[in-house]
Every structure is written in C-alpha cells, then in structure tokens.
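User: I'd like to understand the labels used for this model. Could you take me through them?

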Amino acid sequence: MSVVHQLSVGWLLDHLSFINNASYQLCPSCQCPSPLASHVAPVSSAPSTEDIVAPSTVDTTYSTGAAVERTGATLKKKYVFREEFFHVFKPHIVSASEQKPQQESSDASPRDGKGSDNGTEQREGAKNSDGDSIASARKKRKRKCSVFNQGELDALEYHTKIRGLILEGTRCLIKEGLKSGFLHPISAKQSSIKNVVTGHVGCEMAELCEMAKRFPSVNENDHRSAQIIDEETSIPEQDLLSCVTENNTDYAKIINLMGQKYLVPPKSSFLLSDISCMQPLLNYKNKYDVIVIDPPWQNKSVKRSNRYSHLSSWQIKQIPIPSLAAPNCLVVTWVTNRQKHLRFVKDELYPYWSVKTLAEWHWVKITRSGEFVFPLDSSHKKPYEVLVLGRVQGSIDLPLRKSDVAVLPIPDRKLIVSIPCTLHSHKPPLTEILTEYIKPDAECLELFARCLQPGWTSWGNEVLL
C-alpha cells in the first residue's frame, strides 16, 4: 500500500513502498509459495541497469542488483528501488535560526508558518504573517526593481488563499506519520548525509524518439497496434516506437534497448514516442477511464537546462484527449505554480477538451522528519504543486446495474503529502488515491510518463525512466 494515512484533509503517501510492491519479480515458473519472506536488495530502476545480475546458486544472496531466493529447486529473483533516491532528510533551504533539532512532541508539525510554537522565523526570512511574507520576499529579490510583476502578484494572491490549507492539513498528516513511525526526527548520522541529487537520465530515449521521425513510414492498416513481450528480449527500436508494447503477465519482464535493460511491471503497457508520433496509441484498443497528464510546461529553468522540449499552450491543446477518453473519463493534470498555466488549464484547456473542472488538489513535498522541502513562503520555489481534476462532459449517465460499484464524487481541496523522489520530475502515484473515485476495472493512462505502473498504459519520450 502506498497510502500510509488517510484523513479528511488528504493522504500521506509512501512512494517507495508503491514501487517496491509492484511485483518486480522474474521467473514465471516460480509460482509455488515460499516458507520464507522474500529477501530484497536495492537496485536502480534508471537506465543504468547493469545492476541486473544472474541468479546465484546459494540459498540467499545479496548483490547490487537483485535478491535471489532458493525455493526447492527453483530460484526467484525480485528487484526493488534504491532507497537513496528517497533519502530527503533535510530541507533544501534552511535558515541559521532553524538548525535546531526538531522538538519531539505530540503536536509536531512542519517547522514553517503560523503553527510554530517557538515563533521561529520561516526559512528565507519570511515572517508568519502573509503581509510580512510578501515584504520579506521583496527584500530577497536579486534584481534591483522592488516591484512585483503581474505574474508574481497573482502567485502571491493564490498562495495567500491556500496557505492555511497547506499548513494545517500537512500538520495533521505529519502528526499521524510521526506517531506511526513512518516519519521520524533525523538522527545525527542522517543529518550529515547530503540529499541525493541526481542528474537527468534517459536523454537517449528522447533522442531516439527524434530519430524515429526519419524511419520509413509504415502503413497504419498493415501494422499491428501492439506487441507482446515474451521472455527477456531485445526489441528493435523501430518496433518499440511504432506500436504499444505490452506485458500482460502477472510478473515483471525485462527488455533490452540500446544496450540497457529495463524492467516492465506486470499488466502494464507503454508507447515510447514524442507528441508527433501518438498515432500508435490512438490505434491501440483502449479508451481510458482515467487520464493523468504531466505536461512539460514552459518555464525559465527548462529553457536554461535544455533537459527536454517544453510544449506551448497550443501544442498541449492538440493532445487528443477526446479520442482517448471513455465516457465520464476522469482527467488529472499536473500544473506548475505559475498562475498563467493554472488559468490556462481551467479556462481554456479543459473546455477545449469538453472536460468540466471539479477540484484542485495539492501535492506537498516533505522530508523524512516532516519538514517542507522548501520554505512555505519562499518567493522562489514552493513546497507544493497543483493537480486539476475534471471529468469529460457530454456523456449519457446510464443507471447503475446491480453489479456496478458506485464511485464517490471528486472532493475539492485535498492534499497529497509525500517524500519526493529525487529523480527528475517523478510524481507520486495516484493509483490508490483515485480508487474511490473510479470504477474497479478502470482503464488508466498516463501521458508524459517517466516511469511505468502496474495496470496502466504509459506514453512519453522518457517513459522507461
């Protein structure tokens, strides 16, 4: 389970547990139950998968790649994610006045904002009141001009509206996490560990998608819409880019691509391509009940880094959601904290796709000790991101059959609190959170995905990261 605690304000998630419970186990012949618990050791799910190793002949062995367990005459091998990618022990920015150990009390909360009993100033010198926060933020600005532009004023106004929800809701969930032991004050050893910062990986995939545009075109009527992964196999790049790849078994499969090995989780499918080559996904058999979108929004850091190509608003509108969505499809879009983007989704994008906006949720990023990863009132980066949820309109609501399960209406103003993965732009899993709001056999699709999930179809030019 990825949901550690669920309260009326939202959910505290364990992203690492979600990955490790995805049944990354090989050897389909190993179906007999074992009297022993599975032994696991960390591996990387990133493209550098030299960590994948051959089974050992001893009873239980550990390596940098996999845990191998002997059961009778058969070996099982299970992979888990490397824990250090979730080793976020300290906030990314901490002021000198906050270098003190966190007080261990029953009402422990993020050391940020009005809830602090000791009156400590917030990180980056922001005071507890919203007016002082704005004044402090202005002082911190590097440029000589002390006047905010319209975009910054809009962001401050939005932050002022949701600040109390973020602070109080996060405090409640963190309190539960500390009580259960999922969160805990950092030890002296952990306090000396630097947060893991990883470089961007998988650029070869984006380059491969760009190269695919020069491949000979294939007649859509003559080409299969999907290919099934058999055993460990090397899939020709052209096939990987020209149709959806499926693992329809109950165990993980390995594929080889450009000299690297990738684990494909059970009951998952994917298409590796960019936005100019989405036709194979449209040719695929499914309409989707849930579509999660994480667009590469245009922003200054993306322009500076050249990590991946951002999309303009016009390009995002061309994503064929109406062709992919089933009746009453739930659409969830990740949005940056720029108000320009948030307004675009609600006022232009969703109406263009015939999607009715239902709710705004927030993902709040914390450390293992329950602090915000960035100061709540930082003028540079916020410790939260926005999700906009809506449903496709124009569908006929049929009466429920006896076998149908009623789904709850989408609530507004919910929080998803979790320790973020340090790999670039990985978002927390929504599978268990959305369960109450979708039918049990829902078909789920993630667009601009950077990882694969069991039971989901994933699309993007970095989909195997």
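This is a predicted model: local features need pLDDT of at least 70, side-chain atom pairs count only at pLDDT 80 or more; totals for chains, interfaces and linings use all residues.

User: Why is Ile228 called partly exposed?

Analyst: Its relative accessibility is 41%. Buried means under 20% relative accessible area, exposed over 50%, and partly exposed in between (1.4 Å probe, protein chains only). Ile228 therefore counts as partly exposed.

User: What does Ile228 touch, not counting residues up to four places away in sequence?

Analyst: Glu246 and Asn248; a contact means heavy atoms within 4.5 Å. Ile228 itself is found in strand β8 (residues 226–228). Strands (E, at least two residues) are DSSP runs, numbered from the N terminus.

User: What makes strand β13 mostly covered?

Analyst: Five of the five residues in β13 (residues 268–272) are buried. Ser268, Phe270 and Leu272 point one way, Ser269 and Leu271 the other way, and all are buried.

User: How do you know that β10 and β13 pair?

Analyst: Two strands pair if DSSP finds at least two bridges between them. Strand β10 (residues 244–247) and β13 have three, in the antiparallel sense, and Glu246 stands opposite Ser269 in β13.

User: In what sense do β13 and β20 pair?

Analyst: β13 and strand β20 (residues 456–460) pair in the parallel sense, over four bridges. In β20, Thr457 is the bridge partner of Ser269.

Conventions: Residues are numbered from 1 along each chain as its sequence is written. Side-chain values use heavy atoms; hydrogens and water are left out.
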